[in-house]
Amino acid sequence: MTRLKMGIIGVGGIAQGRHIPSFLDLKEKVELTAVQDVNEERAEEVAEAHQIPYVFKDYKDMFAEVDAVTICTPNKFHAEISIAALEAGVHVLCEKPMAITTEECEAMMEAAEKNERLLSIAYHYRYTPEAQLAKKAILNHEIGDPLVTRVQAMRRRKVPGWGVFTNKDLQGGGSLIDFGCHLLDLALWLLDDPKPVEVMGRTYDRLSKTPGQVNDWGAFDHETFNVDDHVTSYITFENGESLQFECSWAANIKEDHTSLSISGVDGGLSVYPFELYQAKYGALLDSTAKIREGEPTPGLAQAENFIDSCLGNDELVVKPEQALKVTKLMEAIYQSSETGTSVKL
């Protein structure tokens with residue numbers, strides 16, 4: 001059986017915690033061939049730990065040795081590296097978000113189409129068992145036409161105190177572009193990609209700019225903090241649906257929670273945990289689900305879908321035009337907050 005030769009660009013936490021373990025679990029389909037990182041010592045350590053044969057100083061030198069790359073760099077470099085790989089005839093799995101601007105996303109899509117290579121974005125929440133179950137329920141008309149969707153991706157005092165998460169120049173934003181984007185993507189996917197027409201948004205950073213913060217995820221400098229730590233938004237769609245959205249790294253709330261619920265004409269559902277709400281047989285019915293043990297992790301399911309798609313045996317679950325829509329919405333939320341007015345798309 002042909003194995004896909006995979007390179008990893010950026011070997012930080014997400015590469016070591018999700019992508020590399022997933023590819024190692026799928027070694028009958030994929031071969032980890034090469035790594036590259038601006039921290040050359042770290043790249044050498046990762047290569048040695050996993051018996052990866054090639055370590056490159058320049059990511060472009062990797063392309064001749066691989067069929068595909070997984071890009072795990074700061075957001076600023078997603079477009080640049082993706083386009084270079086696609087131009088070299090290499091398939092790309094890029095960490096979320098797709099890029100910081102819609103223009104960069106469009107350039108990535110153009111490169112993929114021109115060079116006939118696959119481009120996918122690592123929105124792994126779609127692969128969670130609860131999300132897969134919700135998608136099946138919606139496709140089977142369990143809730144009818146969706147009307148209102150509510151999303152909360154909330155953390156209590158958990159600003160990432162490592163890496164470059166609080167650097168706007170490298171990341172483009174904070175809690176929205178790092179955490180909230182996952183739930184935005186998931187909501188749009190479950191709703192079958194409705195066309196957004198208007199966005200009202202507000203971003204906040206006062207809490208994390210205040211000295212003496214208690215933070216559960218390490219220390220950060222409140223004086224240099226220049227990204228959002230809390231975001232709210234209201235999004236309307238061409239078909240009349242609406243989406244209430246909130247995300248935060250550092251809210252003063254009782255506890256962390258991630259929730260996505262959809263109210264439709266014939267029923268409603270909650271994704272985390274999965275529950276289905278209907279009115280049948282003259283009564284209100286609530287259904288719950290027991291997720292079976294042994295289900296593939298989202299990272300593993302994501303990796304397998306990308307590998308199989310590159311080998312011609314599957315179709316990408318996360319398509320670039322869908323990831324572009326997420327970036328476009330995030331841009332609109334930031335623009336609305338800056339201008340104080342809604343943004344029409």
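Author: Start with a definition: rings of Phe, Tyr and Trp (its six-membered ring) pair if their centres lie within 6.5 Å; planes under 30 degrees apart count as stacked, over 60 as edge-to-face and the rest as tilted. By that rule, Trp162, Phe165 and Trp217 form one aromatic cluster. The model is predicted: local features need pLDDT of at least 70, side-chain atom pairs count only at pLDDT 80 or more, and totals for chains, interfaces and linings use all residues. Residues are numbered from 1 along each chain as its sequence is written, and side-chain values use heavy atoms, without hydrogens and water.

Reader: OK, how many aromatic pairs does the structure hold?

Author: Six. In one of them, tyrosine 59 and phenylalanine 63 have ring centres 6.0 Å apart and planes at 55°, so that pair is tilted.

Reader: Are tyrosine 59 and phenylalanine 63 buried or exposed?

Author: Both are buried (under 20% relative accessible area; exposed is over 50%, partly exposed in between, with a 1.4 Å probe and protein chains only).

Reader: And how do tyrosine 125 and tyrosine 272 pair?

Author: Edge-to-face, with 6.4 Å centre to centre and 90° between the planes. Tyrosine 125 is buried too, at a relative accessible area of 16%.

Reader: New topic. What lies over the face of tryptophan 189?

Author: Lysine 135, at 4.9 Å from the ring centre. A charge sits over a ring if NZ of Lys or CZ of Arg is within 6 Å of the ring centre and within 35 degrees of the ring normal.

Reader: Which ring does arginine 155 sit over?

Author: That of phenylalanine 179, with the charged end 3.7 Å from the ring's centre.
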